[in-house]
Amino acid sequence: MHRIDYLNLTFIALLSLLACTAHAQSIETFQKGAIISGGFVTLGKRQVPIPPGEWKLASVKEGRTRIQAPQFRDDAKTVNALLIRNRNGEYDIGIRVFGSLASTGAGRWSDEPCKSDDVLYKNTFNSTYEHPECLLIDFHLPDPNNNIHFTFLSAVYSKYMWGDFLIVTYYVNPALRGITTSSASSRRNNEWHKDKIHLSKEKSEYLARFKEWALDAAGVYRRLLLGDSTPVAGQIASLP
């Protein structure tokens with residue numbers, strides 16, 4: 001009896017070890033269609049928190065940053081992964097995680113993630129030109145070529161540091177949250193446009209909830225990237 005208990009405990013411990021190993025597996029090693037869960041996406045040695053639940057890996061691409069200056073040339077491996085979740089056969093939420101797997105020699109970046117003004121909301125967090133940081137919230141027109149037949153919202157958090165960067169983008173389908181979709185085919189006439197959204201109470205109220213959620217998520221990512229906290233499952237709440 002004692003031997004059986006011992007073997008069971010050993011088996012359970014082995015399963016736990018395998019689960020931890022898989023959890024720490026970097027996202028580029030997974031095959032398209034894999035199910036990601038546990039509240040994290042791993043890029044190299046960095047764990048990036050995501051909302052709870054199961055997410056399907058729709059695509060994953062590897063690339064490299066290329067830095068060329070008179071003093072040096074340097075590059076680093078990057079990964080761009082898209083996770084999705086459907087509801088009743090319809091596209092519900094997407095998460096794109098894009099970042100470097102290792103530090104580079106970059107002391108400054110030329111990217112301008114908060115350059116556009118024709119958006120629903122943006123926040124630069126008083127960042128510098130050399131090391132930009134941005135939260136950008138906007139809407140996007142339907143994309144029939146990719147089987148997206150509704151206006152969707154996005155929240156993009158970007159942070160560039162010395163030799164490193166991370167961009168996390170969330171896409172959400174408001175129609176599956178009871179929000180009336182816009183039938184306008186042009187951006188200017190769309191009911192989600194910054195100059196028109198105040199005419200719709202339901203859209204304005206949802207945008208306020210989405211913005212609050214996005215600011216909370218941006219705060220989590222900033223603290224992690226600055227080393228002020230460690231990744232913990234449940235840090236990123238479910239999307240409103």
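Ser-158 lies in strand β9, where strands (E, at least two residues) and helices (H or I, at least four) are DSSP runs numbered from the N terminus. The model is a predicted one, in which local features need pLDDT of at least 70 and side-chain atom pairs count only at pLDDT 80 or more, while totals for chains, interfaces and linings use all residues. Residues are numbered from 1 along each chain as its sequence is written, and side-chain values use heavy atoms, with hydrogens and water left out.

Because its relative accessibility is 5%, Ser-158 counts as buried, a class that means under 20% relative accessible area, with exposed meaning over 50% and partly exposed lying in between (1.4 Å probe, protein chains only). When residues up to four places away in sequence are not counted, Ser-158 touches Pro-113, Pro-132, Glu-133, Cys-134, Leu-166 and Ile-167, contact being defined as heavy atoms within 4.5 Å. Glu-130, by comparison, is found in the loop between β7 (121-123) and β8, and at 31% relative accessibility Glu-130 counts as partly exposed. Although 32 residues separate Glu-130 from Trp-162 in sequence, their C-alpha atoms are 9.0 Å apart in space.

In soluble globular proteins, nonpolar side chains tend to be buried together.

Helix α2 itself (residues 201-225) has 25 residues and reaches 36 Å from its first C-alpha to its last, close to the expected 36 Å, where the expected span is 1.5 Å times one less than the number of residues. After α2 comes Gly-227, whose phi is positive, near 80 degrees. Leaving aside neighbours within four places in sequence, Phe-210 is in contact with Ile-137, Leu-153, Ser-154, Ala-155, Val-172, Leu-239 and Pro-240.
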